[in-house]
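User: I have not looked at this structure before. Could you take me through it step by step?

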Amino acid sequence: MSMAIAQLAAEEKMNPLLPAWPEIIIGLLCFFIVFGLLGKKLLPSIEKVLSERRDAIEGGMERAEAAQAEAQALLEQYRAELAEARHEAARIVEQAREQGAAQLTEMREEGQRQREAIVAAGHAQIEADKKQATAALRQDVGSLATQLASRIVGESLEEHTRQSGVIDRFLDELEAKAAVAQGAAK
Amino acid sequence: MSAELTSLASGSCHFGDAGCGFPAPGLNEFDFKPIFSIGSFYFNKPMLLSMIVAVLVVVFFWAAFAKPRLVPGKLQLVGEIGYDFVKRSIVLETIGKKGEKYVPMLVSMFFFVWLLNIMSIIPFAQFPVTAAIAFPAGLAAVVWVTYMTLTFKKHGFVGGLKNLCWPSGIPGWVMFILVPIEFFSNIFVRPFTLAVRAFANMFAGHLLIVMFSIASWYLLSPSLGALYGSASFVVAVGLTAFELLVQFLQAYIFVMLASSYIAGALEEAH
């Protein structure tokens, strides 16, 4: 190799570390053509598209975030409304229950009152009937006894007994006896 | 066509033939006959290749980015991946938010250098244009002018010099040694190493591929040499794949260093 270099050096003085000026000129020219076209036109245009794309992606993200926030707000609102509605419903049910209870008590009282009235009326009726029956019975028993006695005695006692009040006295005595017997029994 | 092809074409000379040595590749591989010349200006194959590369880069990005759409097509997507790679992984990573302004220059530089390098393994081109030092030197000069201008524009003349050669957090007595070194390193060595790094890598890679290609042909003879020849061919193929990696890496390093120099120029005064 060194031989070859020496041989070449003898043939022609060439130093690979010395740049040749025509090559420098053409090399720089080529570079500046590339740099000019890329730097002035092509790279700015792609840079613009890249930033547009970044914007599109970030814009999409922002839109998605906004939509999410809106959905969240709606959800909150919906929840609040739901809670309020539940509260309202509970309140209405409570009110209805109270009202129902009040009505029930009222009706119960009314019923009680009516029952007592009916019972009282019944008692009065029974009492009246009893008195009536007693009076009727007293009369009937008296006339029956008088008739029977007349038959037995053979003459009419009707006028006499009626005038003397014997029957009434007898019956009163009977009642008194019954009362005494009843009191003893008690 | 380059010398290697002529030597391959005229290669009736094989291993074992009498009076026939190995035609070792040398600097002649990097010396191209001008296609035409006007006075002292000439036009040769690397220059043609660099023009083709410029056209390829522009055509690709034109096809990808001229009518960009919000939902990218395949070509636009590939372009966007390449653009985004250089922008994010190199420029913004190194310079930060302030680097936004230098993205177009560095993106252009990356793809230009990468394609110049790739020419190494494209059939018929078969020469990494960056192996001719004029090309990386020109680009390194562009980087140098950029970061020097930025330094003095941002910090003024004195501040700029201070930014270039006055490191912070160093005890005073070390400054005697460090300031001249920094001065020399940041102003003169940086552009030189930037250019030579790209140049030397591509130069050496190209030489290796040529070497093993010629050897494959030379060793191809009806003898044991055929075995060596096929081994050499396998190595040449392997090196070609390896060069593909190196080409990308050198473009990456070139732009990465350019970014870091710009970042240094934009650094706040310390």
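Predicted model: local features only at pLDDT ≥ 70, side-chain atom pairs only at ≥ 80, totals over all residues.

User: How many residues of chain B are in contact with chain A?
Analyst: On the chain B side there are 38 residues, and they are in contact with 31 residues of chain A.

User: Which elements of chain B give two or more residues to that side?
Analyst: They are β2 (41-43), α2, α3 (74-95), α4 (103-118) and α5 (134-165) of chain B.

User: And which of them gives the most?
Analyst: That is α2(B), with eleven residues on the side of chain B that touches chain A.

User: What classes of residue make up that side of chain B?
Analyst: The side of chain B that touches chain A has 31 nonpolar, five polar and two charged residues.

User: Let us turn to chain A. What is its secondary structure?
Analyst: Chain A has four helices and zero strands. Read from the N terminus, its elements follow the order α-α-α-α.

User: How much of chain A is buried?
Analyst: Of the 186 residues in chain A, 6% are buried.

User: Back to the two chains. At what angle do α2(A) and α2(B) pack?
Analyst: Helix α2 (residues 21-153) of chain A and helix α2 (residues 45-65) of chain B pack at an angle of about 0°, and their axes are 9 Å apart. Angles under 35 degrees count as roughly parallel, so α2(A) is roughly parallel to α2(B).

User: Which residues meet there?
Analyst: From α2(A), the residues include A:P22, A:I26, A:C30, A:V34 and A:L38. From α2(B), they include B:M47, B:M51, B:V57, B:F61 and B:W62. By class, the contact of α2(A) with α2(B) has 19 nonpolar, three polar and one charged residues.

User: Is B:F124 buried or exposed?
Analyst: B:F124 is exposed, because 10 other C-beta atoms lie within 10 Å, and a residue counts as exposed with 12 or fewer.

User: What about B:Q126?
Analyst: B:Q126, a residue other than glycine, has a positive phi near 45°. B:Q126 is in the loop between α4 and α5 of chain B. With 19 C-beta neighbours inside 10 Å, B:Q126 counts as partly exposed.

Technical notes. Residues numbered from 1 in each chain as written. Chains lettered and ligands numbered in written order. Axes fitted to C-alpha atoms, helices over the stretch in contact; angles between N-to-C directions. Parallel < 35°, antiparallel > 145°, perpendicular 65-115°, else oblique. Contact = placed C-beta atoms within 7 Å. Nonpolar A, V, L, I, M, F, W, Y, C, P; charged D, E, K, R; others polar. Buried ≥ 20, exposed ≤ 12 C-beta atoms within 10 Å, placed from the backbone.
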